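Open the model in your viewer and keep the selection tool at hand. The stops below say what to pick next and what you will find there.

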Amino acid sequence: MHVIHNSQLDLREIVFIIQSQSNYFHVRQAERRRADLLKQAHSLTEKPPLVLLLHSLSDNEGDWSILPLLPYLSYSFGKNSSWIVFLEEETNVKMTKLVQVLAKFDKNKEWFLGKPLHDKESTIIHHYAFAENPSVFKYPDFAAAWALSIPSSCSVLRDEPLKSDFTIDLKHEVALYIWDNGKGPHLTAVPELCTEPEDSPQAQHCATSLSSEPPLCGEPVNKEDIFVAVKTCRKFHSERVPVIKKTWEKDALFLEYYSDHADPSIPTINLGVPNTERGHCGKTFAILQRFLSSTVPNTKWLLVVDDDTLISLPRLQVLLSCYDPSEPVCLGERYGYGLSQGGYSYITGGGGMVFSREAVVQLLNSGCKCYSNDAPDDMVLGMCLNALGLPVTHSPLFHQARPEDYARDFLAHQVPISFHKHWNIDPVAVFNKWLKDDFRKKRNKKTWA
C-alpha cells in the first residue's frame, strides 16, 4: 500500500509525453491532445507544463519503444521535474484530477503508476514470461496513461542490453525493464487512471478516460480500393482456406490466394516461388510486384495476410479513411528489432500488413529485395522501409496472436480489426465473436479510427 502524501504539486513539475507517430493523421491527433492539455493548464496556471510529442524528440525512429529515450528524459528533466506522464493520442486527461492523484505520492520516491493489466495464461507475445503464475506480473494499459516519478526514471538507467532483441508488446516490456527482476518499482495500481468512455458514469472519478467516439475521418474507403493477397500453400488448402471462405472472404471485392500449387477449385495462383517452412519473403515480394502489374485491378491499398489471419474488412475500410493513399503508408501491428542499438521497426505479418500503392512503388523502386526466399518477409520489409526513411504506422487494432493471448481489459476498449493463428481455437467461432458485426451499430453509425 502506498502512503497518501498530499504534498502540493506544481503543474510545471509534470512532463507530459504523448506517444505520437510521424504519420500526418497521428500528428494531427497528437497535436489536438497537446492543445487540450495546454488549454486546461492555462486555465489553472500562467506557467504551463511541458507537453512533448514522442515522435519529435529525436531522429531515432525506434524511440517509440521509449527505453532508448530514458537517458535523454532523465538528463533533460531530472533536475526540475517530478513526474513524467505518458499518454496515447486518444487519452483524455482531466488535468486538475490528475494533479490531485499524483500529489498523493511522494515525488522523492520511486513510483511506476498505471492501470494494471495481467495475463490470464502465459502467452507467446510475452515470451511465456511468468509461466507458472502469469497473473502475478502487472503491466500498464498505455491507453489509461502511465507515470514515472523522476527518481524512477533515473534508477532505470543501466548499461546492460535489453533481454530480447525484439520489441513485441511494448507495455509489457517497459514494465519488465522498470521492475528489473524486483530491483526496481513494480506497477502501482491507480484507480483514477481509466479506460472508461469519458461520458460514462464509471468515468466520473477518473483522471483519464477514452473518447466515447473516436475521431471521424469520413466515409469508409470503398471495397474496390483494396486488393487482398492471401499467402497459403498446398498443405493448408483444405484446412485454412475454408475458414476464410466461411468468414471474411465475402467482404473482399478483389482477393487472390497465392500458393505453391495452382488449385482451380479455390482458386489459387502459383507465383513460381517454392513454398518455404518459414519466412515467405520471396512470395511476398512476388505479390508486391503483381500488385503493381496490369494483371490485377489498380487499387489504392494492398492488404497482405496469412491463410490463418482472421480479419474484419469493413472495420479496415473505416480505419483506412484516416489515411492518404497517395502517401507511402505502411500500417499494421508494429514490432521492433534491435531498437536499442538503432535497429528497425516492422509490421508483423500475421495480423495483416497494409500498404498504400505509393509505399509499394517506393519499396520496389528502391531495389530492396529478399536475401533468400525463406527470409522473414515482414522483417525484410522493415529493413527496406528503414533504409528508405519511411515510417511504420502502428494500430493496436491489428493482432499477431489470438484473443486469449491478450489481457481481457486491454481488448475490452477495442473494436479489433484482426487476430492470427488457429492454434487450439475454433477460428470460425473466434471470428463470429470478435470480428463479425456491423461496426456502425456498435458506434451509433459513426465512423471511427
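Start with the disulfides: a search of the whole structure, which is a predicted model, finds four. Number the bonded cysteines in sequence order, and the pairing reads 1-2, 3-5, 4-7, 6-8.

**Stop 1: Cys 194 and Cys 206**

Select Cys 194 and Cys 206. Their sulfur atoms sit 2.1 Å apart, in a disulfide. Look along the S-S bond: the torsion is about -90 degrees, so this disulfide is left-handed. Now show the secondary structure. Cys 194 belongs to strand β11, residues 193–197. Cys 206 is in the loop between β11 and β12 (208–210). The bond therefore ties together parts that are 12 residues apart in sequence. Are these two cysteines buried or exposed? Both Cys 194 and Cys 206 are buried.

**Stop 2: Cys 217 and Cys 322**

Move on to Cys 217 and Cys 322. This disulfide has its sulfur atoms 2.0 Å apart. What is its handedness? The torsion about the S-S bond is about 90 degrees, so the disulfide is right-handed. Both ends are in loops. Cys 217 lies between β12 and β13, and Cys 322 lies between α8 (313–320) and β18 (330–332). The pair thus ties together parts 105 residues apart in sequence. Cys 322 is buried, with a relative accessible area of 10%.

**Stop 3: Cys 281 and Cys 370**

Next, pick Cys 281 and Cys 370. Here the sulfur atoms of the disulfide are 2.2 Å apart. The S-S torsion is about -85 degrees, so this disulfide is left-handed. Cys 281 lies in helix α7, residues 281–292. Cys 370 is in the loop between α9 (357–365) and α10. How many residues apart in sequence are the parts that this pair ties together? They are 89 residues apart. Cys 281 is buried, at a relative accessible area of 0%.

**Stop 4: two further cysteines**

Cys 330 counts as buried, at 0% relative accessibility. Then jump to Cys 154. This residue counts as partly exposed, with a relative accessibility of 34%.

**Stop 5**

Now switch to charged side chains. How many salt bridges does the structure hold? There are 12.

Select Lys 231 and Asp 377. They form a salt bridge, and the closest N and O atoms are 2.5 Å apart. Asp 377 lies in helix α10 (residues 377–388), while Lys 231 is in strand β13 (residues 226–231). Asp 377 is buried, with a relative accessible area of 5%. Lys 231 also counts as buried, at 6% relative accessibility. Salt bridges with shared partners join Lys 231, Asp 306 and Asp 377 into one network.

**Stop 5: Arg 240 and Asp 308**

Select Arg 240 and Asp 308. Their side chains meet in a salt bridge, 3.7 Å from N to O. The pair links distant parts of the chain, 68 residues apart. Arg 240 is in the loop between β13 and α6 (241–246). Asp 308 is in the loop between β16 (301–306) and β17 (309–311). Where do the two stand on burial? Arg 240 is buried, with a relative accessible area of 18%. Asp 308 counts as buried too, at 6% relative accessibility.

**Stop 6: Asp 10 and Arg 12**

Go to the pair Asp 10 and Arg 12. Their side chains meet in a salt bridge, 3.1 Å from N to O. Asp 10 is partly exposed, with a relative accessible area of 30%. Arg 12 is partly exposed as well, at 42%.

**Stop 7**

What is the make-up of residues 220–426? This span is 25% helix and 21% strand, with its end C-alpha atoms 30 Å apart.

Key: Residues numbered from 1 in each chain as written. Predicted model: local features only at pLDDT ≥ 70, side-chain atom pairs only at ≥ 80, totals over all residues. Heavy atoms only, no water. Salt bridge = Lys/Arg side-chain N within 4 Å of Asp/Glu carboxyl O. Buried < 20%, exposed > 50% of the residue type's maximum accessible area, 1.4 Å probe, protein only. Helix = DSSP H or I, 4+ residues; strand = E, 2+ residues; numbered from the N terminus. Disulfide = S-S within 2.5 Å.
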